[in-house]
Amino acid sequence: MNATNRKVMLSAVQPSNTLTLGNLLGAIRNWVKHQDDYECWFFAVNLHAITVRQDPTELREQTYRAVATYIAAGINPEHATLFVQSQVPEHAELAWLLNCYSYMGELGRMTQFKDKSQKAGENIAVGLFTYPVLMAADILLYDTDLVPVGADQKQHIELTRDIAIRMNNLYGEDLFRVPQPMIAQVGAKIMSLQDPTAKMSKSDPDPNASVYLTDTDDVIRKKLKRAITDSGNEITDDDSKPGVKNLLSIQSAITGKPISGIVASYAGKMYGHLKVDTAELVVQAIAPLRDEANRLYEERTFLDQVLRKGADRARERAGKTLARCYDRIGLLK
Ligand code: TYM
């Protein structure tokens, strides 16, 4: 157990573009919901973001914006440790060690790698391939028990567990704590508004596919109005109607109401009603967060203070895990 004797919860978002409604409903809202029950570590993974090309100014700004968004969403920086991955060099250092205990075959099976490498064309960065190993380092450095994420990250956490167990077998059961994913029942996979068979993604080139956490109320309403629904007019959560099902899931994730109840409330109504109501719920969920994030984003002195304090705490904890690994493996420190 750690100093506070509480279980450890850890999670992160890539500041690779403006965060989306998917990031909020699949991840950040669950961090906020559970933050009082755990010792929490939340960060922005900018080293992961450079596995695809980033504009340096944009990357720096998006990193601040991500941290401002965490706080605006309700993460208490006095309680949770907030930091930026590049400010804690132990992440990159442990990732190298883990690379030597990870196999080409298992990394090649990662769906996210398969998807992203297809989009990357001919020159696929090695970092894209070893991306999950850096993620394993992120998690294992802090003796993490639980990782609250969306459904798309489950495979990466399973890989983290495999690497941890493999190394524990070699170097002692107390080398790494083996983490568990924490995936919410609803909201774990919000789909694109333009192609409801694909995940809503920050990196989608079509801005109408995602609701960004910076969108104005009007833009949110327009995007939901244009959301692709399906043929027919009956509102059900049937898999044959992925567009309608997505809007119902969004409503359920925001309100906490079960999908069956929401479906029942639309008996005899049209898709248009569903879209308008969903838009209003999304506006209510995003507007206060967006306005507060915009304000905090300008408060650089405050954000830098939070991050400096967070990085100091993170380095202290991560340094202990790293020292343990060096020692067990037989590396001079
Ligand atoms: P990233 O930046 O793609 O997404 C951040 C979080 O948001 C969730 N998410 C979604 N949830 C529901 N619906 C969606 N459409 C949707 N899109 C994204 C993701 O599941 C994630 O929880 N590899 C990670 C970042 C990472 C990390 C870590 C996470 C690096 N190290 C350590 C946890 C622990 C990623 O790319 O997330």
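Modeller: Rings of Phe, Tyr and Trp (its six-membered ring) pair if their centres lie within 6.5 Å; planes under 30 degrees apart are stacked, over 60 edge-to-face, and the rest tilted. By that rule, Trp41, Phe43, Phe83 and Tyr142 form one aromatic cluster. The model is predicted: local features need pLDDT of at least 70, side-chain atom pairs count only at pLDDT 80 or more, and totals for chains, interfaces and linings use all residues. Residues are numbered from 1 along each chain as its sequence is written, and side-chain values use heavy atoms, with hydrogens and water left out.

Biologist: How many aromatic pairs does a search of the whole structure find?

Modeller: It finds 7. One of them is tryptophan 31 with tyrosine 70, edge-to-face, 4.9 Å centre to centre and 75° between the planes.

Biologist: Which parts does the pair of tryptophan 31 and tyrosine 70 tie together?

Modeller: Helices and strands are DSSP runs, numbered from the N terminus (helices H or I, at least four residues; strands E, at least two). Tryptophan 31 is in helix H1 (residues 21-34) and tyrosine 70 in helix H3 (residues 56-73), so the pair joins parts 39 residues apart in sequence.

Biologist: Are tryptophan 31 and tyrosine 70 buried or exposed?

Modeller: Buried means under 20% relative accessible area, exposed over 50%, partly exposed in between (1.4 Å probe, protein chains only). Both tryptophan 31 and tyrosine 70 are buried.

Biologist: What charge sits over the ring of tyrosine 326?

Modeller: The rule asks for NZ of Lys or CZ of Arg within 6 Å of the ring centre and within 35 degrees of the ring normal. Here the charged end of lysine 333 sits 4.4 Å from the ring centre of tyrosine 326.
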